[in-house]
Every structure is written in structure tokens, then in C-alpha cells.
Amino acid sequence: MSLLNQNSKMMKHLTQFSLFLSLLFLLYGVQGLSQNSYTAPLSGEQEVHDVTSPATGSVSLELIAGDSLVVQGSFENLMSAVDTSIVGGAHIHAAPAGRNGPVIFPLNIKLSADGRSGEFRAEDNRFALDPATFERLQLRQLYVNIHSLTEAAGELRGQIVPAGP
């Protein structure tokens, strides 16, 4: 086989491989151009009034079709039961880190028997985003807050930020 034939076959394979990679990008890469996954690690240290608490938790959020937010996650070991008299006890607020803001979405919680731990199930926590709330999400100006009987101002807080690296 001549060197010209070998180069021609190699170019054909490289072209096919490039087309394959381009197709993969078109099918899967476009999703990566806009952020769809968010997270909110929960801790007392993120509260504006800095709470020392053994409680921990994490919330995952998925943006669906650009205007629907699905929330799921869990928390455990609050110092006392969730204070459900404060807009259900857990919700999403609008404000940047270090500031308090208004409640925009109450979260539905499946509480443990003692009320000190709980779960946010995706099927119970889906919210429509208006353009202003979508913009706040993009600017990291939303946070999750959980209120307990001991810490009525909030025992756990987590700023909602893009997930991943």
C-alpha cells in the first residue's frame, strides 16, 4: 500500500471521528452551555446570625425547561423540631449571601417522627419561576432556610449555587 493511500485512509478516519465528536457535542454538549443543576449545602454558619448547630443537610435543585425548579434533599440533627408555624418551617428566600430576604417558595417536608430531620421530595417540591426569580437564581440570590423551635430565625441555611466544578 502506498503512502498516499495510507494518508488518504487516515484522513477518512479522522474526518469520521470528527463528525462523531461533533454529533456528540450537538446531542449532549448544548445542555452544558446553560446551568441546569444547583446545590445548597445547609449549615448553621451560613445563617446571618451564625448558628452553632450539629444539624447538616443538602438540597439539590434542577432547572427544567428554563422555568420550573425541582427541589429535593434532606437535613438531620436539628437542635429541636422544625417550627412549621413559620411558613411551613422550610422555604426558599430571595437574597444574596449574608442578607435575609422574603420567602418566595414554601418547601414541603416529609418530617421524621421527632421533627428534627426531614426530606424534601422532588414530586412535592416543583415551582414555576418567573423571569425575576430566574434572574435571582442565576445571580446566586436565592437560599434555602430551615427554622426550628430553638432557632426561630433559622437553624440551617444554604445559598443556592451552581452544582459541579
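This is a predicted model: local features need pLDDT of at least 70, side-chain atom pairs count only at pLDDT 80 or more; totals for chains, interfaces and linings use all residues.

Reader: Fine. What pattern does the protein follow along the sequence?

Author: Read along the sequence, the pattern is α-β-β-β-β-β-β-β-β-α-β-β-β. That comes to 2 helices and 11 strands.

Reader: And how much of the protein is buried?

Author: Buried residues make up 34% of the 165 residues. The protein exposes about 9500 Å², and carbon and sulfur atoms supply 58% of that area.

Reader: What share of the contacts is between residues 24 or more positions apart?

Author: Taking the contacts with a separation of 6 or more, 62% are between residues 24 or more positions apart.

Reader: OK, on to rings. How many aromatic pairs does the count come to?

Author: The count comes to 2 aromatic pairs. In one of them, Phe75 and Phe120 have ring centres 5.7 Å apart and planes at 40 degrees, so this pair is tilted. Phe75 sits in strand 3 (residues 68-76) and Phe120 in strand 7 (residues 118-120), so the pair ties together parts that are 45 residues apart in sequence.

Reader: Are Phe75 and Phe120 buried or exposed?

Author: Phe75 is buried, at 3% relative accessible area, and Phe120 is buried at 1%. The cut-off here is under 20%.

Reader: And how are the rings of Phe105 and Phe127 arranged?

Author: Their centres are 4.7 Å apart with the planes at 25 degrees, so Phe105 and Phe127 are stacked. Phe105 belongs to strand 5 (residues 103-106) and Phe127 to strand 8 (residues 126-128), so this pair links parts 22 residues apart in sequence. Both Phe105 and Phe127 are buried.

Reader: Where does the charged end of Arg157 sit?

Author: Over the ring of Tyr143, 3.4 Å from the ring's centre.

Reader: Switching to charges, then. How many salt bridges does a search of the whole structure find?

Author: The search finds 3 salt bridges. Arg121 meets Glu123 at 3.8 Å, N to O, and Arg121 also meets Asp124, at 3.1 Å, N to O. Through shared partners, Arg121, Glu123 and Asp124 are joined into one network.

Reader: Is Glu123 buried or exposed?

Author: Glu123 counts as exposed, because its relative accessibility is 61% and the cut-off for exposed is over 50%. Arg121 is partly exposed, with a relative accessible area of 31%. Asp124 is partly exposed too, with a value of 31%.

Reader: Which side chain does Arg116 meet in a salt bridge?

Author: Arg116 meets the side chain of Asp114, at 3.7 Å, N to O. Arg116 is partly exposed at 29% relative accessible area, and Asp114 is partly exposed at 44%.

Reader: Now helix 2. What happens at its start?

Author: At the start of helix 2 (residues 131-138), a side-chain oxygen of Asp130 comes to within 3.2 Å of the backbone nitrogen of Ala132. Just after helix 2, Arg140 takes a positive phi of about 65 degrees.

Reader: Two serines to finish. Where is the place of Ser148?

Author: Ser148 is in the loop between strand 9 (142-146) and strand 10 (156-159). Its relative accessible area is 0%, so Ser148 counts as buried.

Reader: What is Ser148 in contact with?

Author: Leaving aside neighbours within four places in sequence, Ser148 is in contact with Leu78, Ser80, Ala81, Val82, Asp83 and Glu155.

Reader: And which strand does Ser60 lie in?

Author: Ser60 lies in strand 2 (residues 56-64). Ser60 counts as partly exposed, at 35% relative accessibility. Not counting residues up to four places away in sequence, Ser60 touches Tyr38, Val70, Val71 and Gln72.

Reader: How are the C-alpha atoms of Ser60 and Phe120 placed?

Author: They are separated by 9.5 Å, while Ser60 and Phe120 are 60 residues apart along the chain.

Key
Residues are numbered from 1 along each chain as its sequence is written. Side-chain values use heavy atoms; hydrogens and water are left out. Helices (H or I, at least four residues) and strands (E, at least two) are DSSP runs, numbered from the N terminus. Buried means under 20% relative accessible area, exposed over 50%, partly exposed in between (1.4 Å probe, protein chains only). Contact means heavy atoms within 4.5 Å. Accessible areas come from the Shrake-Rupley method with a 1.4 Å probe; for residues, only the protein chains shown count as cover. A polar contact is a pair of N or O atoms within 3.5 Å; within protein, one must be able to donate a hydrogen and the other to accept it, and residues adjacent in sequence count only if both atoms are side-chain atoms. A salt bridge is a side-chain nitrogen of Lys or Arg within 4 Å of a carboxyl oxygen of Asp or Glu. Rings of Phe, Tyr and Trp (its six-membered ring) pair if their centres lie within 6.5 Å; planes under 30 degrees apart count as stacked, over 60 as edge-to-face and the rest as tilted. A charge sits over a ring if NZ of Lys or CZ of Arg is within 6 Å of the ring centre and within 35 degrees of the ring normal.
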